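Student: I am new to this structure and would like a close look at a single part of it. Could you take me slowly through the salt bridges, and then through whatever lies around them?

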Amino acid sequence: MRRSLADELEGTGDLRSPRWRRAVERVPRHLFVPAFFQATDVPGRGALWAPVTDRQHDEWLELAYCNKTWVTQLDGHVTPHDVAEPVQGDPTSSSTLPGLVVRMLEALDVTDGMDVLEIGTGTGYSTALMCDRLGDEHVTSIEVDAGVAANAAAAVRAAGYAPRLMVGDGLGGVPEHAPYDRIIATCSVRHIPQSWLTQARPGGRILVTMSGWLHGHGLASLTVGEDGVAEGRFLPGTISFMIARPHAAPPLSNEQASEMIASLADADPRPATVGPDIRQDWTGAFVVQLAVPDAQRLTRRVVGGPWVDYYIDTRSGSIASLTPEPGGGWTVRQSGPVPLWDRVEDSIGQWRQIGSPPLERFRIRTDGRVQTVWVGTGDARLTWHLPVQ
Ligand SMILES: C[S@@+](CC[C@H](N)C(=O)[O-])C[C@H]1O[C@@H](n2cnc3c(N)ncnc32)[C@H](O)[C@@H]1O
């Protein structure tokens with residue numbers, strides 16, 4: 001099964017080098033996913049998560065070696081052993097799609113003797129692959145969730161590896177074992193933590209998915225210079241990871257949302273030049289998020305009416321709504337100090353003017369405080385600042 005998974009990952013082009021192939025052939029993934037959730041559609045109840053455990057599911061072993069992401073925790077605490085029936089929930093830990101794991105490991109561009117820090121141990125599968133490739137003494141991994149970390153530690157040990165496993169917030173890095181040649185995050189961030197810059201060796205690299213509250217994602221690879229400034233680019237591919245827990249969107253209660261929606265009652269409507277469907281474009285979604293990084297989205301409808309898209313920035317108390325019109329197009333209403341949809345339309349308009357370049361043409365730079373993403377050069381250069389808190 002390991003060999004056929006390796007064959008499959010080579011076939012998709014994710015697995016490219018003999019050393020990572022050997023790691024995939026040697027690390028037994030089933031030890032890392034003894035139980036997980038499988039997405040399932042239950043008639044009348046919608047999309048739910050069905051628990052799969054080795055004891056109750058004949059196909060468990062085969063599933064463990066599928067090129068699929070297996071969710072191992074919901075809502076920050078629910079494990080497959082806690083439930084007997086399919087349940088609702090938001091994934092908070094998983095064994096990432098093996099194809100994505102090895103694509104990132106290949107992109108990490110390691111050589112023998114390099115020290116690697118991984119943020120987001122999860123099940124420990126990617127940690128074990130790195131141990132196999134680099135040696136236990138070169139791998140440090142940190143996981144924020146103590147229960148997840150304990151399961152990972154047991155699985156990593158059972159598979160015969162012994163990296164440094166830490167429990168804590170990986171946004172602070174692991175200073176006691178720094179410096180690192182490579183820092184890889186298997187959770188996404190809104191901005192690059194300063195600690196990663198100081199804990200990377202000069203010339204070292206950071207590989208992390210940049211994301212945000214509007215679910216735009218881009219895998220960035222940055223090189224850290226002697227001056228502690230990191231600069232790099234976005235890599236091709238549609239890669240997404242769950243957001244690092246401290247970077248998650250602030251809670252938005254129903255009451256708070258209703259209050260903000262009510263503030264639109266006096267807003268002047270106007271036709272939108274960009275509709276919310278722009279988010280169906282991978283780069284478009286990322287640009288929308290760059291334009292309004294503190295906004296989060298929700299959809300609501302009044303009975304008999306259309307679904308309305310709301311963009312809400314709780315920090316500034318701003319809101320924009322986009323209502324679909326029966327004949328096509330959208331109507332915008334905005335309220336609060338930040339005209340959220342004007343900002344989206346400005347950024348998308350400028351991005352279109354320079355030919356809608358794809359995300360792999362975007363670049364990123366950070367000195368730990370100011371963090372910018374840009375695309376284009378000269379007069380055609382567009383720059384956005386990432387939120388640093
Ligand atoms: C997609 S999973 C990791 C997948 C893992 N590398 C694997 O191969 O199984 C993301 C993990 O990041 C963890 N995480 C989220 N925020 C974190 C943080 N601030 N520091 C460390 N880990 C974090 C989550 O608890 C979750 O277990």
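Tutor: A salt bridge, as the word is used here, is a side-chain nitrogen of Lys or Arg within 4 Å of a carboxyl oxygen of Asp or Glu. Please keep in mind throughout that this is a predicted model. With that cut-off, Asp-115 and Arg-201 form a salt bridge, since their closest N and O atoms are 3.4 Å apart. The pair joins distant parts of the chain, for Asp-115 sits in the loop between α4 and β5, while Arg-201 belongs to strand β9, 86 residues apart. Asp-115 counts as buried because its relative accessibility is 18%, whereas Arg-201, at 28%, counts as partly exposed.

The loop that holds Asp-115 also holds Asp-109, and Asp-109 meets the side chain of Arg-205 in a salt bridge of 3.3 Å, taken from N to O.

The closest N and O atoms of Arg-19 and Asp-112 are 3.3 Å apart. Arg-19 is partly exposed, with a relative accessible area of 31%, and Asp-112 is exposed, with a relative accessible area of 52%.

These pairs are among the 18 salt bridges that a search of the whole structure finds. In general, side chains of opposite charge can pair when their charged atoms come close.

What, then, lies around this part? The domain assignment of the protein chain gives domain 1 (29-95) and domain 2 (96-246), and the contact between them takes 16 residues from domain 1 and 17 residues from domain 2. Their C-alpha centres lie 24 Å apart. The area buried between domain 1 and domain 2 is about 1,300 Å², and carbon and sulfur atoms give 62% of it. On the side of domain 1, Leu-31, Phe-32 and Asn-67 lose the most area to domain 2, together 41% of what that side buries. How many salt bridges does the rule find across the interface of domain 1 and domain 2? The number is zero, although six residue pairs are in polar contact between the two domains. Strands β3 (70-74) and β4 (91-95) each supply at least two residues of the side of domain 1 that touches domain 2, and the largest share, five residues, comes from β4.

Asn-67 is found in the loop between α3 (60-64) and β3, and it counts as buried because its relative accessible area is 18%. A polar atom of its side chain lies 2.8 Å from the backbone nitrogen of Gly-99. Leaving aside neighbours within four places in sequence, Asn-67 is also in contact with Leu-5, Glu-8, Leu-9, Leu-97 and Pro-98, among others.

Conventions
Residues are numbered from 1 along each chain as its sequence is written. This is a predicted model: local features need pLDDT of at least 70, side-chain atom pairs count only at pLDDT 80 or more; totals for chains, interfaces and linings use all residues. Side-chain values use heavy atoms; hydrogens and water are left out. Domain bounds come from an automatic or database domain assignment. Contact means heavy atoms within 4.5 Å. Buried area is the accessible area (1.4 Å probe) that two parts lose on being put together, summed over both. A polar contact is a pair of N or O atoms within 3.5 Å; within protein, one must be able to donate a hydrogen and the other to accept it, and residues adjacent in sequence count only if both atoms are side-chain atoms. Helices (H or I, at least four residues) and strands (E, at least two) are DSSP runs, numbered from the N terminus. Buried means under 20% relative accessible area, exposed over 50%, partly exposed in between (1.4 Å probe, protein chains only).
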